[in-house]
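Here is a short briefing for a first look. Please keep the sequence and the 3D view open as you read.

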Amino acid sequence: MNRRDVLAGTGVVGLASLSGCLGVLGLAEHESAPAGVDQSVLEETGYQESRTEPIGVDEDVDLLLYSETVTVTNYLTEYDKSVDLGPLGSLRAAVFNVLTTPQVDVLGQELNPIEEMSTEEVVELVKNNYDGFGDVTHEADESVSVLGQEATMSRFSASANFDGVDLDVFIHVTEAIQTSEDHLVAIGVYPEQTQGREEANVFSLVEGVIEDAGEAE
């Protein structure tokens, strides 16, 4: 399962048409802060951080007599673990991601589209962001607590490919919640045959999300 940089576009849609105004206002650059999961929850669930990285995108827009570049930097913190898949052996096929993307408020209007996205729309971003995802089907919705806020988390079934191995997986995706300055989405993926233990782990990881990724270390 190889990640592409499609999620980088989150936060740019809706800004391009106002890029000239944003440049004049000094608002042409936007960056979120990386979030993470509390270390005690990682130890309890067996997940380990694999990477925290910025995902940036520049959108050039040409106006009549003016050209402006809008720059948005999101952050993705990824955790994973090996799971036993019987005859297939052990694969690092259980993955948990925390995505942050900046809030962009101009004259009281939020311009980052992820704020209004349903979990179905968010999972489309996930599907487009990874090679090897397909056949995504909505299964169920549940309420979770993320940073003290109630949010909907949806479960989807899908097909995926991990290191050349085709697997049926479940994807858990939360709707975006607000941190102090950003929007945050949590995404969990694991093979269907491990649901008995990994679904509970995803709920623990979601409830263990913290704003500052540095505090997870």
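The points below cover the overall build, the salt bridges and a charged surface patch.

This is a predicted model. The chain has 217 residues, and 49% of them count as buried. It holds four helices and 15 strands.

**Overall build**
- The accessible surface of the chain comes to about 9,900 Å². Carbon and sulfur atoms account for 44% of that surface.
- Consider the contacts between residues at least 6 apart in sequence. Of these, 65% join residues at least 24 apart.

**Salt bridges around Arg51**
- Side chains of opposite charge can pair when their charged atoms come close.
- Six salt bridges turn up in a search of the whole structure.
- Arg51, Glu53 and Glu78 are linked in a network of such bridges.
- Arg51 pairs with Glu53, and their closest N and O atoms are 3.6 Å apart.
- Arg51 also forms a salt bridge with Glu78, at 3.4 Å from N to O.
- Arg51 sits in strand 4 (residues 48–62) and Glu78 in strand 5 (residues 67–84), so this pair ties together parts that are 27 residues apart in sequence.
- Is Glu78 buried or exposed? Glu78 is buried, because its relative accessible area is 9%, under the 20% cut-off.
- Arg51 has 30% relative accessibility, so Arg51 counts as partly exposed.

**The pair Arg197 and Glu198**
- The side chains of Arg197 and Glu198 meet in a salt bridge, at 3.9 Å from N to O.
- Glu198 is buried, with a relative accessible area of 0%.
- Arg197 is partly exposed, with a relative accessible area of 43%.

**A negative patch on the surface**
- Which residues gather in a patch of negative charge on the surface? They are Glu120, Glu121, Asp141 and Glu142.
- Helix 3 (119–129) and strand 10 (134–146) are the elements that give two or more residues to this negative patch.
- Glu120 lies in helix 3.
- Glu120 counts as partly exposed, because its relative accessibility is 34%.

Note on methods:
Residues numbered from 1 in each chain as written. Predicted model: local features only at pLDDT ≥ 70, side-chain atom pairs only at ≥ 80, totals over all residues. Heavy atoms only, no water. Patch = residues over 30% accessible without salt bridge, like charges linked within 9 Å, V, L, I, M, F, W, Y side chains within 5 Å. Areas by Shrake-Rupley, 256 points an atom, 1.4 Å probe, with all protein chains shown as cover. Salt bridge = Lys/Arg side-chain N within 4 Å of Asp/Glu carboxyl O. Lys, Arg positive; Asp, Glu negative; His and termini not counted. Charge placed at Lys NZ, Arg CZ, Asp CG, Glu CD. Buried < 20%, exposed > 50% of the residue type's maximum accessible area, 1.4 Å probe, protein only. Contact = heavy atoms within 4.5 Å.
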